[in-house]
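Hello,

Here is the structure I promised to pass on. Have a look at it first, and then read my notes below.

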Amino acid sequence: MMRVLLVEDDRELRTTLRDALALEGYDVSTAASLSEGLALWTHARSGPDLVVLDLGLPDGDGETLLAALRRRESTPVLVISARQADGQKIRLLDAGADDYLVKPFSVGELLARMRVALRHRGTALKPALTRYESDDLTVDLSAHRVDLRGEPVHLTPTEFKLLARLVRSAGQVVTHRQLLADVWGDEFTEHTHYLRLYMGQLRAKLEADSADPRRLLTEPGVGYRLAESA
Amino acid sequence: MNAVMLGLNQGLYNVIAAPRRAGWRGRVAGGAGAAVLWAAAWSGATLLDHHVDLANQAMLFVIASVVASIWLSAPAAFAFALACMLSFNWSFVPPRGSLTVDFERHAVLLAAMLAVSWLIAGLVWRLRAQATAARDAARWAGRLQALGEVLRDSAEPADQARPVAEALAELGGAPAALLVLHDELPPADCTEAVRVQGAIDADERAGLWLCLRQSQAFGPGTGRHTEQPAWYLPLRSRGGSHGAALVRLAEPGTASEICRIRAQALCDLLGAALQRATLARQSEAAREMAQSQGVRNALLASISHDYRTPLAVILGAASSLQDQGERLSPAQRAHLATQIVEEIRHLTRMTDNTLQLARLDAPGVTLRLDWESAEEIVGTALAHARRRDGDHRVRARLEPGLPLLRCDAMLLSQLLDNLVDNALKYSTGAIELVVRQQAPLPGETGSAQVVIAVRDRGDGVAPADRRRVFEVFQRGDAAGAPGAARGVGVGLAVCRAIARAHGGELRLRPRAHGGSSFELWLPVVAPPVEAAE
């Protein structure tokens, strides 16, 4: 049974989510504050498989907890934040959180994100995802091959690196900063205009209608997400 | 001829009115000049001796003393005239070598000689004083006017304290200081409430505060605290004093009335400027207050009106599930749950809009600007619309080669979501999302613009409502349209606020064959040019 640590200070939301997750077969432990979450994390004999972390906690920053978690393991962390435009949310994603949800969200959305996060669990230790298949698009990273409707697609080296980075986190949001750092290098993290141009080129090659993408999705102000492979 | 005379007159006037630097060098030079004149007169008289009569010789001395009076000070000119008369008497009037006078023959000549010289010296002296005063007054008027202009053009007149203090220092002959109120007069003297220009000691500070509080001048010639070595002058205006000036006097005993009047005029000029700035600040604050009040009222109205309907639906559906749960069919239960979810999405959208409007309306709002592609922003709007657009009515059309936009992607998405939402709500049929670039018109300055338009084929907006539709809390009257007319509320108002925060504009254009086109016009900013590979 998957163990989930839910850190959320609002009692109603905590109870609702706990019950909903329990119904889906998760073993849920809950914490109402940062300190409680840290205590649960430290004293549990074995850590949870996934953490759902609210940002607006009464006794401090979700960042502290994330740092403590990341020191030990690569447990997936899902951030839930109250505001759409939340700089902290992006900072946490950059610091290694796996995904985010803006309140209010439906249980369905939360469960979908949890499934993706759990699928990626431990990718830092195990061989990373190297294959992506969705409808008629196939990406094989090890073979350096991209096929659309059975036909090979020619990508430039930069386009391929960008797509590869998204494939490795398929279904999850990857922030602008992460993409720029991983594809171009650490000194290019402010050059978002590169991303716009190359995403445009990728979409032109891989999407039926690049103005209405179904695979290479935009998360405005945050980053990009490759639609979860079917 | 007249012109020549006038020119000569003016020249003489200028010579007479030339400012006199009363240094010892000046005095020595003036004395030497007078001595040369006397020597010339004496030599002339000696040469002409026995050729002309005594009266003609006397005239040479009269000319010398009159010419010397042009540059000599009044007492010196009087003394020189007397010396000329006496030396003439000594050397030429018989009996020569003595000052004794043959009363019947020469007394009138000598008396007339002295009287004429003195009279002319006196007249020249008066003329000179008047000319100096006139020049001084003209110079002062020019200075006052220049300062007045600086003060009038200055948004913060208190910043001009230094030139005013410098002008006051010139009047007093010693460094001057100013104490200027930042705002209202505080109940107790405190350094935080004022700005001090120039160095002052504790006594002077107390004097300035007293002067400010009483709005009255102290010091020599004012009739109050006349023993002070300085003038304390209030910076007066109609609404009271806005500060006080300390004009230290180099020679308190001889301080002139005219200087004090000028100093007070200067202080009042600054006072009036400060008053004007205070009034401007107050009216700005009042305007901001009224505006924020207006926005708050509109937001409250929007919340109280637009939020009640979805809340009523949610409460109805939820309480029905709570109270009648077992008696409802599974289909009914699912319908109620769907209704709750839908209404909550609607409420969420309204909450986002209301909060965004309040945020954008606050002063000093900062946007998270980045380089964004129009394609992505439109793509996001389409993805969001897909959830509500079961019939696939929304289509996008983008011109190729669009420039990147410098904008806040989150805000622009919100804007497009609102526009698409409205179009879905108030029209039937296809909705187009069109992005094109508009070059500046020939002869028009300004940058190119990107136009993002949301076009529908609905009934359009009545001409009378086209302006009002962007105001907070306006809704299209779509009572006839089934399932429509649920509050846009602040939707279009927040769209306009977002457009304006980006230096752009949101326009509503009626379409040729019916329907509306809501158009976001954004100025194109030149993107960074760098090789990305």
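A word on terms before the notes: pLDDT is the predictor's confidence in each residue, on a scale from 0 to 100. You will need it here, as this is a predicted model.

Let me start with confidence in chain B. Its mean pLDDT is 83, with 89% of the residues reaching 70 or more. Among the elements of this chain, strand S9(B), residues 449–455, has the highest mean pLDDT, at 94, while helix H1(B), residues 2–17, has the lowest, at 55. Residues 474–487 of chain B have pLDDT below 50, and this stretch makes 27 contacts in the model beyond near neighbours in sequence. Where pLDDT is low, the predicted coordinates should not be read in detail. For the model as a whole, the scores are ipTM 0.85 and pTM 0.61.

Now to chain A. Five of its strands form an open sheet with parallel pairing, in the order S2-S1-S3-S4-S5. Strands S2 (27–31) and S5 (99–102) of chain A each have a single partner strand, so one side of each is left without a neighbour in the sheet. On average, neighbouring strands of this sheet are turned by 20° against each other, direction ignored.

Strand S1(A), residues 3–7, runs parallel to S2(A) and is joined to it by five bridges. If you want to find this pairing on screen, Arg3(A) has Asp27(A) in S2(A) as its bridge partner.

Two helices of chain A lie across strands of the sheet. Helix H4(A), residues 87–94, lies across S4(A) and S5(A), at about 160° to S5(A). Helix H5(A), residues 107–119, lies across S1, S3, S4 and S5 of chain A, at about 175° to S5(A).

Best wishes

Terms used: Residues numbered from 1 in each chain as written. Chains lettered and ligands numbered in written order. Predicted model: local features only at pLDDT ≥ 70, side-chain atom pairs only at ≥ 80, totals over all residues. Heavy atoms only, no water. Pairing = 2+ DSSP bridges. Helix = DSSP H or I, 4+ residues; strand = E, 2+ residues; numbered from the N terminus. Axes fitted to C-alpha atoms, helices over the stretch in contact; angles between N-to-C directions. Contact = heavy atoms within 4.5 Å.
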